[in-house]
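Please read the following note alongside the sequence and the model.

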Amino acid sequence: MKAPQRLRSLLEEGLIDSVVRQLMSGKEATVYVVRCGEETRCAKVYKEATQRSFRQAVDYTENRKVKNSRQARAMAKGTRFGRQAQEAAWQSAEVDALHRLAAAGVRVPKPFNFHDGVLLMQLVVDAQGAAAPRLNDVDFTAEEARAHHATLIGEVVRMLCAGVIHGDLSEFNILLAADGPVIIDLPQAVDAAGNNHAQRMLLRDVGNLRDFFGRFAPELLATQFGAEIWALYTRGVLQPAIQLSGRFEEHQGPVDVAGVLRVVDDARDEEAARVLRMRTAG
């Protein structure tokens, strides 16, 4: 196919040899299948962040570092340069997270290069060598659901041990490769120790996994892996190989009414986003 404008600089630099086809297009980016020598990879071309709400941006980018104070001031003021810097920081966050998680052994696509707003990375494939489907496009037996859920809970733990929380993990951004699930789409990844919303995001990520796989294995709906994982993390005893029970006993204390209302609002926003993703996927 004819190379899109955003990929021409990669062709000129010799980072890719040809563009095979468009793989998918979403509100965050358009992904293309490309050839690099003898290898087939994918190129993620980021779009302008016109559909991200201010609230989401603040939640996800809290305490993210920028290169210098000028950028920080411009981002705080919302100037044109500041918006450009904020978008660059949003994109580079995924690159940084992929490198960090790949080094920790997390099942994410291997990143190769980031050039001119395009992320070049591994193409995740199924057993036939075709682009792997998203989980929401696949039906599972109860046994398969339990196995994949266990794998992904282990990956969430491994991510948290590396200091990273996905922040938007669901069946829409997990691919089913030939050897199991692979986690994708990490521009909203947050630093677990430096973000005040980290606990809520982890609980939501784990809850999304529970709800999805619970459709096929209903017993998973009663599990509380998110709360258990966070409690172990805050106690400093969470390890990648730790054995989890899926049970958690909460200690009773004063009710944080404002916190409860925030959780309700977040759940409402998440459900609206899920409905939108399902419509887009359809």
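**Note on helix packing and selected residues**

1. His149, Ile153, Val157 and Leu160 of α5 are in contact with Phe225, Ile229, Trp230 and Tyr233 of α7, contact meaning heavy atoms within 4.5 Å. Seven of the residues in this contact are nonpolar, one is polar and none is charged. In this classification Ala, Val, Leu, Ile, Met, Phe, Trp, Tyr, Cys and Pro are nonpolar, Asp, Glu, Lys and Arg are charged, and the others, Gly among them, are polar.

2. The model is predicted: local features need pLDDT of at least 70, side-chain atom pairs count only at pLDDT 80 or more, and totals for chains, interfaces and linings use all residues. Residues are numbered from 1 along each chain as its sequence is written, and side-chain values use heavy atoms, with hydrogens and water left out.

3. The protein chain has eight helices and nine strands; these are DSSP runs numbered from the N terminus, helices being H or I of at least four residues and strands E of at least two. Of the 282 residues in the protein chain, 44% are buried. Buried means under 20% relative accessible area, exposed over 50%, and partly exposed in between, with a 1.4 Å probe and protein chains only. Among contacts between residues at least 6 apart in sequence, 62% join residues at least 24 apart.

4. How are two packed helices described? For α5 and α7 (residues 225-234), the angle is about 25° and the axes are 11 Å apart. Axes are lines fitted to C-alpha atoms, for helices over the stretch in contact, and angles run from 0 to 180 degrees between N-to-C directions. α5 and α7 are therefore roughly parallel to each other, since angles under 35 degrees count as roughly parallel, over 145 as roughly antiparallel, 65 to 115 as roughly perpendicular and the rest as oblique.

5. The axes of α5 and α6 come within 10 Å and cross at roughly 170°, and the two helices are therefore roughly antiparallel. On the α5 side the contact involves Ala145, His148, His149, Leu152, Ile153, Val156 and Leu160, which meet Leu202, Val206, Leu209, Arg210 and Phe213 of α6. Nine residues of this contact are nonpolar, two are polar and one is charged.

6. α5 has 20 residues and reaches 29 Å from its first C-alpha to its last, close to the 28 Å expected at 1.5 Å a residue; the expected span is 1.5 Å times one less than the number of residues. Its buried residues are Ala145, His148, His149, Leu152, Ile153, Glu155, Val156, Val157, Met159 and Leu160. Alanine 147, also found in α5 (residues 142-161), is partly exposed, with a relative accessible area of 41%. Glycine 163, which follows α5, has a positive phi near 85°.

7. Helix α6 (residues 198-213) should span 22 Å with its 16 residues, and its end C-alpha atoms are 23 Å apart, which agrees. α6 is mostly covered, with twelve of its 16 residues buried. Among them are Arg200, Arg204 and Asp205.

8. Is α7 enclosed or open? Seven of its ten residues are buried, so α7 is largely enclosed by the rest of the structure. The buried residues are Phe225, Gly226, Glu228, Ile229, Trp230, Ala231 and Leu232, and their cover includes α5, β6 (164-165) and α6. Just after α7, glycine 236 takes a positive phi of about 80°.

9. Aspartate 116 has a phi near 55°, a positive value in a residue other than glycine. Aspartate 116 lies in the loop between β4 (111-115) and β5 (118-122) and is exposed, at 51% relative accessible area. Aspartate 185 likewise has a positive phi, near 60°; its place is the loop between β8 (180-183) and β9 (190-191), and at 28% relative accessibility it counts as partly exposed.

10. Valine 31 lies in strand β2 (residues 29-36) and counts as buried at 8% relative accessibility. Leaving aside residues up to four places away in sequence, valine 31 touches Gln22, Leu23, Met24, Cys42, Ala43 and Lys44.
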